[in-house]
Structure formats: structure tokens, C-alpha cells
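Biologist: I'm new to reading structures. Could you walk me through this one, starting from the inside?

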Amino acid sequence: MATLALGLVAFALGSETPKDAKKGASAASCCSAGALSGIWTGEYRYPESMSQRPVTFTVFLFQDGDRVTAEIKEPNTFGDQTSPWLHATADGRYDKEAKTLSFTKSYDGTAGVSHDVVYKGTLTSGATENVSGTWDISGIQGSFTMKRKNCCN
């Protein structure tokens, strides 16, 4: 848990990526929290009809049984320009048998952005290395992918 906690400190201080977290901490520390626990990077894509560029994001994900929670940071691409970043939390479930992950991302109000987005994905490429799926905001849907940074590999 020490690696994740240090990653969250870097995240809270505005670090662009978790690279500023203490290096050399035991990889087992993040794995002991749950199979999905760790630092993930991803990208969400809008429907082609919207002509929007994909948006990258960083996720600090914690798994406890079938429950997952997360802190998310992404570039501000649609809020007012008072902040270069948007921040969100997520709460959801992991179905180990079906290898599915579902969560609701809730933006925290930074840059005037405070809505929810429902994500549903499937784990691929080994047990827990990649997730791909869809996001939905009141019927508007797009796709997303996430890849775990080296943790338990």
C-alpha cells in the first residue's frame, strides 16, 4: 500500500504522472491490496460523430473483494480553463468470474465539471493487465482502454 499511497500524494500535489512516487517500493505491496489495485493509464474516445480527440487519464485503483474505488486525473479538455486538470473519483465492482469491471466516475467540480460517467469493461491480456469497454453519459457512448503500469508483473 505504500506505493499507492505515495502515488496518491504525487497525484494530489499535481504531478502529471505517478512517476514522481517513490521508486523501488515493493511490487507486492500494491498486489496485496487486490488483483486490480495499482496505477493504470488509459484513454477514452468519443463517438466518431463528435470529432473529438481521445483523452488520456491516470487511475489510482484500489480493489477490496469485488468492490473497486479509484482516484482519476485527466487533462482538462472540456471544462472552464481555470485548471489544467480534471479530477474524479470512481466506485464500482469487479466480477472475477466474468472478468468484468464496472464503475461510475464522478467528476469533483474542478473547472466546473461535475457529472457522472458509467464505465463497463472486460479484462484481457492475462488476468488483469488491460481493460477495454465503453463509457456512457445519458445515452452518449464512447469507448475506453486502460493498462496497468508495472506492478505485479
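Modeller: A nonpolar core is a set of buried Ala, Val, Leu, Ile, Met, Phe, Trp, Tyr and Cys residues joined through side-chain atoms within 4.5 Å. Keep in mind that this is a predicted model. Here the largest nonpolar core has 27 residues, and L36, Y44, V59, L101 and M146 have the most contacts inside it. At least two of its residues come from each of β1, β2, β3, β4, β5, β6, β7 and β8.

Biologist: What is M146 in contact with, leaving aside its neighbours within four places in sequence?

Modeller: Quite a list! Among them are W40, F57, V59, L101, F103 and V131.

Biologist: And how do I read the strands?

Modeller: In a regular strand, side chains alternate between the two faces of the sheet. Next, look at the pairing. β3 and β4 run antiparallel, joined by 9 bridges; V68, for instance, has G92 in β4 as its bridge partner. β4 also pairs with β5 in the antiparallel sense, over 8 bridges, and there R93 stands opposite S102 in β5. The hairpin of β4 and β5 has 4 residues between the strands, and K99 takes a positive phi near 55° in this hairpin.

Biologist: Which residues does S83 touch?

Modeller: Setting aside neighbours within four places in sequence, S83 is in contact with N76, T110 and A111.

Note on methods:
Residues numbered from 1 in each chain as written. Predicted model: local features only at pLDDT ≥ 70, side-chain atom pairs only at ≥ 80, totals over all residues. Heavy atoms only, no water. Contact = heavy atoms within 4.5 Å. Buried < 20%, exposed > 50% of the residue type's maximum accessible area, 1.4 Å probe, protein only. Pairing = 2+ DSSP bridges.
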